Amino acid sequence: MNIKLDDIKNELKAADVSKLPSFIEKYANDERSAVKKLLERANKTIVAYEKEVERTKAMLYYEEQYKSYMYVCGIDEVGRGPLAGPVVAGAVILPKEMDILYLNDSKQLSEKKREELYDIIMEKAVSVGIGYNSPERIDEINILQATYEAMREAISKLDYEPDLLLNDAVTIPGVNMKQVPIIKGDAKSSSIAAASIVAKVTRDRLMVQYDSIYPEYGFASNKGYGSQMHIEALKKYGPTPIHRRSFIGNFV
């Protein structure tokens, strides 16, 4: 007697990738076209998973190069371009035996995937530090210097002092430890990608909170960047306390 199609669908839905080969073997002789499509889906999932494992290995290239260092820390920032809100930096030390899949430049990930990875990073990382700089400070010393300050703060909040920094493109002044700047590092290094995700999720959550205080500007959706709605609200209502005065001269 054939197993009901809905039962097979539910079995596939519940199976993690390690169980898929046995799932495929179990139903290999089922001639129903709907079952064959489910087996094709399972095969595609296996192939995609194997590709992701290989991509993750490639993302550990720099971590492998510097594995003689005890604490290798990835650094990245989010929020250099918005008209409003803070700049946020993340610093992440991942374990030597890193097994977190799907780490990538936070901009390449969906909001849902970033949130999932944020929780995994916070659980599995050796240490995480987060640094902030306010709109007032950005106006006072410029966005680049404010970013460097946020990065130094993020490093200072780690539980362990890193002996090597992997940075997304920049060299941070005022830091004594060895630094390795990597162009597009958030797409090439798992540590930098993790820092990128932590910084992005942290800042996005802050902007959602600001949206409840200043609902006219659409901060929950635009996160402080210059969307049409944001600019129109800026012209109509003027700046809020979280706007960067040095960024909005063309609109106010």
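How much space lies in the largest pocket? In this predicted model, the largest pocket holds about 290 Å³, where a pocket is an open set of points on a 1 Å grid over the protein atoms alone that a 1.4 Å probe fits, with protein on both sides within 12 Å along at least five of seven lines. Volume denotes the space filled by probe spheres set on the points, which are joined across faces, edges and corners. Local features need pLDDT of at least 70 and side-chain atom pairs count only at pLDDT 80 or more, whereas totals for chains, interfaces and linings use all residues. Residues are numbered from 1 along each chain as its sequence is written, and side-chain values use heavy atoms, without hydrogens and water.

The largest pocket is lined by 15 residues (lining residues have an atom within 4 Å of a point). Glu-63, Leu-94, Pro-95, Lys-96 and Glu-97 lie nearest its centre. This lining comprises nine nonpolar, one polar and five charged residues (Ala, Val, Leu, Ile, Met, Phe, Trp, Tyr, Cys and Pro count as nonpolar, Asp, Glu, Lys and Arg as charged, the others, Gly among them, as polar).

The second largest pocket has a volume of about 170 Å³. Its lining has 13 residues, with Glu-77, Val-78, Gly-79, Lys-107 and Tyr-225 closest to the centre. Strand S1 (72–78) and helix H8 (190–213) each give two or more residues to this lining, and S1 gives the most, with three; helices (H or I, at least four residues) and strands (E, at least two) are DSSP runs numbered from the N terminus. By class, the lining of the second largest pocket has two nonpolar, four polar and seven charged residues.
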